[in-house]
Amino acid sequence: MTDTTIAIPEHLAPQQGELIMFENNRLLERLSRISPKTVLAVFLPVIAITAYLSISNGTGVLATAGLILAGAVFWTFFEYFFHRFVFHFNATTPFQHRVLFTIHGVHHQYPNDKDRLVMPITVSIPLAALFGLLFVSLMGDKGWGFFCGFGVGYVSYDMMHYAVHHVQNSNLALFRKIRRHHMAHHYRDTRLGFGVSSYFWDHVFKT
């Protein structure tokens, strides 16, 4: 699948195996690894609680469902934006290259390392708290439903990302198309294909 006419930066070139990122710090090394089961254990209760808060605060079931859908759709745009402009920012100094490798480059070099396919909760929990505060501050009680949908989108993204790297044979045509889209990002051109749970925004922005 590799296209040799397209250059992939050395720090993003795929390799087999896995990497010990923090040889001298066992705690940091452990925190850099995570199972998708941990994501589900942490965020499924958050999703349930925020849906309950939305309904119980008077938003209503139908309105909450609409807000959840809107939040999930917004997640797909955030996912695309974050992957393109944060995970693949234009590093120009040795320090920036080191930061880029730490936050995302290690995944590109070792794309089948099963312990680094979902976001560590040391990062996702603070980000979730910030976004929850932002949505509720801007939208009032309706922010709970929107944040719930945002959380649904995030969990779907993490589970999809894990699956596309480990499920090679599937009868679902949509899954196979999403997997091809993401594998092209890894093995053909890292400047394209930033959507993981959806390739919609790549079509919109022609990436």
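**Group meeting: an all-helix chain and its contacts**

Good morning. Read along the sequence, the protein chain runs in the pattern α-α-α-α-α-α-α-α. Eight helices and zero strands make up that count; helices (H or I, at least four residues) and strands (E, at least two) are DSSP runs, numbered from the N terminus.

The model before you is predicted: local features need pLDDT of at least 70, side-chain atom pairs count only at pLDDT 80 or more, and totals for chains, interfaces and linings use all residues. Residues are numbered from 1 along each chain as its sequence is written, and side-chain values use heavy atoms, with hydrogens and water left out.

Let me begin with the overall form. Along its principal axes, the C-alpha trace spans about 55 × 40 × 35 Å. Of the 207 residues, 42% count as buried; buried means under 20% relative accessible area, exposed over 50%, and partly exposed in between, with a 1.4 Å probe and protein chains only. Among contacts (heavy atoms within 4.5 Å) between residues at least 6 apart in sequence, 69% join residues at least 24 apart.

I turn now to helix H3. How does the span of H3 agree with 1.5 Å a residue? The 25 residues of H3 should span 36 Å, and its end C-alpha atoms are 36 Å apart, which agrees. The expected span is 1.5 Å times one less than the number of residues. The buried residues of H3 include Thr 64, Leu 67, Trp 75, Glu 79 and His 83. Against which helices do the buried residues of H3 pack? They pack against H2, helix H4 (94-109), helix H5 (121-139), H6, H7 and H8.

Next, the aromatic rings. Rings of Phe, Tyr and Trp (its six-membered ring) pair if their centres lie within 6.5 Å; planes under 30 degrees apart count as stacked, over 60 as edge-to-face and the rest as tilted. By this rule there are 26 aromatic pairs. In one of them, the rings of Phe 43 and Tyr 154 have centres 5.2 Å apart and planes at 70°, so the pair is edge-to-face. Phe 43 belongs to helix H2 (residues 36-59) and Tyr 154 to helix H6 (residues 142-166), so that the pair links distant parts of the chain, 111 residues apart. Both Phe 43 and Tyr 154 are buried. The rings of Phe 77 and Phe 205 have centres 6.5 Å apart and planes at 45°, so this pair is tilted. Phe 77 lies in helix H3 (residues 61-85) and Phe 205 in the segment after helix H8 (200-204), so the pair ties together parts 128 residues apart in sequence. Phe 77 is partly exposed, with a relative accessible area of 29%, and Phe 205 is likewise partly exposed, at 39%.

Helix H2 also holds Thr 50. Thr 50 is buried, with a relative accessible area of 4%. Not counting residues up to four places away in sequence, Thr 50 touches Trp 144, Gly 145, Phe 147 and Cys 148.

Finally, charged side chains. A salt bridge is a side-chain nitrogen of Lys or Arg within 4 Å of a carboxyl oxygen of Asp or Glu. How many salt bridges does a search of the whole structure find? The search finds five. Arg 33 forms one with Asp 115, the closest N and O atoms being 3.5 Å apart. Arg 33 is in the loop between helix H1 (26-31) and H2, while Asp 115 is in the loop between H4 and H5, 82 residues apart. Arg 33 is buried, with a relative accessible area of 13%. Asp 113 forms a salt bridge with Arg 116, with the closest N and O atoms 3.2 Å apart, and both of these residues are buried. Arg 33, Asp 113, Lys 114, Asp 115 and Arg 116 are linked in a network of salt bridges. Elsewhere, the side chains of Arg 191 and Asp 189 meet in a salt bridge at 2.8 Å, N to O. Arg 191 is exposed, at 55% relative accessible area, whereas Asp 189 is buried, at 9%.
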